[in-house]
Amino acid sequence: MRRRCTWRIFQSIEYACEQDQIQLHNFFSYLMDQFTPSSSKERDFISRMFISGESYKEAELEKYCDYESIEVPDSYTGPRLSFPLLPDHATALLEAFQQKQQLHARYVLNLLHETRKHLKQLPNISHVSTCYSEEVTVCGDLHGQLDDLFLIFYKNGLPSPSKSYVFNGDFVDRGKQSLEILVILFTFLLIYPKEVHLNRGNHEDHMVNLRYGFTKEVMQKYKVHGKKILKMFQNVFCWLPLATLIDQKVLIIHGGISDTTDLGMLEKIQRDKFVSVLRLKKRRESSRKPEIQAINGERESGTDAAGNETAPRLSLQPQSAQAPRTANRLEFSRWLQQTVQEQIDTCRRLVDISESEPEELTYSSMVSLKDVDESCWTRQEEWKQILDVLWSDPMPQEGCRENKVRGGGCYFGPDVTEKFLEKHSLQFLIRSHECKQEGYEFCHNRKVLTIFSASNYYEIGSNRGAYVKLGPDLIPHFVQYQANKTAHMLTMTQRISRVEESAFRALREKLFAHTSALISAFKAYDGDNTGRITLSNWATAVESVLRLGLPWRMLRPQLVRSTEDGMLQYRSWLDDLAMEQRSQEHIQSSLLEVIYRNRSNLETIFRIIDRDHSGLISFEEFQQTWKLFSSHMNIELTDDGINDLVRSIDFNKDGNIDFNEFLEAFRLVKQCPA
C-alpha cells in the first residue's frame, strides 16, 4: 500500500507537469493564430521564433547544418567517425562515453546527416521478422539514462546480424546523457539497418525538449555548434518511424491506440510534416469541421454573426490579472506572474476528471474515420493518428476517452484493444510511455504489454528497468535490472523508505508552491475565521487546489501532525511547510512560493522566446513576443514603450536578457506592494 501511494504521488506530479507543458504551448499557439503582423519582416521573424522546424526547406537545412565546414583540431582526443560506419566505430563510441569523453560537433552533425538520409527511406511502420535472428529484443523509455543502455548491452549483447533490437522511443529528456544515447543508437542503426529499429516517442519533439532538458543539454555540451545540432535533431525526430511490426503479429508503438487508430492510414501519413505533435499548426480555414476543432483543442470556439472565428474559451484569457496599460518593468512582471499560472490553472480545471461526472462521448465521436477515402483525409485526422500512438495510455475500464491527465492522446480500454487486434490480425501490443515498478506490466487480459527501460526513474530504488525478448514463438521473456549500484546495496525496507521520503518531499514542495490558493480554499471551510478546519475538509480543499487525484485522507498522516480533536490549524501547518522550504533556500517565503510554482513555466517561456537557444533573449525577440502578449491582452503599447520595458529588465545593460534577469524581474513584484 505504501509503495502504491508513493507511486501515485510521483505519477500525478509528472503528468500534471506534462499537462502544463501542453497548455503552455497551446497558449503561444493561440497567440500566434490571433496575432496579425504589421509587416512581412515582422511576420517572418515571428515565424522563425514560434514555428521552428517548419521554416527550413531541404536545401536550406543542408546549407545551415554544413558539417564539412567545421574543422576538428589536432588537439581533439575523442572518438572519430568516418562513413560508412563500421562496428569498430560503435565500440569506440561506447568506450569514449564510458570515459566521459565528448564526440566532436563535426561528427555529431555528420552522423545526424547520414541518419536523416537513412530514416527518410524507411516506412512509417517498420517490419521485423524473427526468421532472420534468434530473437528480437524490445527496449522501452531510456530518458537520457546512459547507464541503463550500457547495462542492457552488457546483459544482452550488442546489436549484430544475429541480435535485433527495437528501441521504443523516449530516448531523451530528464536524464543527463540523452545526446550520447542518440549517438549510440543512430550509429548502430546505420551499421545494422536491418537489425536495429527506432520508434518515435512523445519526447522526440522539440517543444517537449524545451521543458524537459534535452535542449538545455545540447546547448551546454556544444556551445558553439549547439544550434545546428538541435536543428538537425529536430528534423531527424520527425523522420523516426511511428511503429514496428514483428512477424505481422506483434505491434510495437510508444504510447497506445484509440478507437480510431488505423494502421492503413498510419502507414500512408507523411510523418515528417509533424515536427511537433503537441498541437497541430492551425490553418485559417472557414470550413473546418466542429468535431475536428474539438480534437485540436478548440472545443469552445465558434463564430460570430458575421462568420468570424471567435476566441476559444480554452484560450487562456486571464480572469483576475489586470493587463498592464503602460510599459514598465513592475507591471510587466506582475502581469506575467499573475497571468501565466492562472491561465494554466484554468486549463487544468477545465480538463479535470471527476469520478462522478456523467459518461462522456466516446473518443471516436469527436472524429469519425469510417468510410473516409484516402483523398479526403485531413491533416487534423493524420495528426490525431500520430498523437494517439505517441501519447495514449491503457485503462481498465471499457471504452475510449480523452486523456485529460496528460493533456494529449486518449485512454483506451480492453474492448478497444480487442477490436484493434482482431481488425489487424494481431496477437498483442507492446508499448512504453509509463514507468512501471517492475519495469514491465501486462494489462487488458495480457494483450497489452508495457515495457520501461529506465531504472530508478523517479528516485534510486523507485523502479526496475526491463527489456523483453521475443523468439519465433512470440512468447515474451523478461530481463529486469537496476543500473544504480546504490540500489543494490539497499534492503527492500530502506529502498521503500528512501523512495517514499522523496515522493513526500516533492509533494510538500507542490503544496508549498500553492500556499496562497490553499489559504483561500481553507477559508471557505472556516466560516467563523477560527483558523481551524476539519481534517476531512483539509483533504477536500487540497485536492480542489492541486487537482492531482491523490487519496489525501490516506496520505494525511505523512503530511499533517495528528490532532486530538480532528481539527487542523491550517496557518500553522502552512508555516511549517514554509519553514521546511526556507531551510533549503534562504529567501523570503512569499518569493519562494512564487518561484516554486512558476519557475518551470517561466523557464519554458524563456526558451520559447530564445529561439536561437543562446541562453539570452535579444531585444528583438523580446519586443516581438511582447507584441504577441499585448495584442492578446488588448494593451496599447508603442514601440518606444516596449523598448523602455525591455531596457528596464536588462539589469546589466549588455543588450540582452538572460534567464536570471527574466526571473529577477518576475520576483521584484513580490518585493513591492501592489
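Predicted model: local features only at pLDDT ≥ 70, side-chain atom pairs only at ≥ 80, totals over all residues.
Residues are numbered from 1 along each chain as its sequence is written, and side-chain values use heavy atoms, with hydrogens and water left out.

The protein has 25 helices and 18 strands, taken as DSSP runs (helices H or I, at least four residues; strands E, at least two) numbered from the N terminus. Of its 674 residues, 57% count as buried, that is, under 20% relative accessible area with a 1.4 Å probe, protein chains only. Among contacts (heavy atoms within 4.5 Å) between residues at least 6 apart in sequence, 74% join residues at least 24 apart.

Helix α6 spans residues 146–156 and is largely enclosed by the rest of the structure, because eight of its eleven residues are buried. The buried residues are L146, D148, L149, F150, L151, I152, F153 and N156. Their cover includes the helices α4 (87–98) and α7 (178–191), together with the strands β2 (136–139), β3 (164–167), β13 (465–470) and β14 (476–481). Just after α6, G157 takes a positive phi of about 100°.

N209 lies in helix α8 (residues 206–212). With a relative accessibility of 3%, N209 counts as buried. Leaving aside residues up to four places away in sequence, N209 touches V172, D173, H203, F214, T215 and F237. The side chains of N209 and D173 are also joined by a polar contact of 2.9 Å; such a contact is a pair of N or O atoms within 3.5 Å, and within protein one must be able to donate a hydrogen and the other to accept it, with residues adjacent in sequence counting only if both atoms are side-chain atoms.

Methods
Buried < 20%, exposed > 50% of the residue type's maximum accessible area, 1.4 Å probe, protein only.
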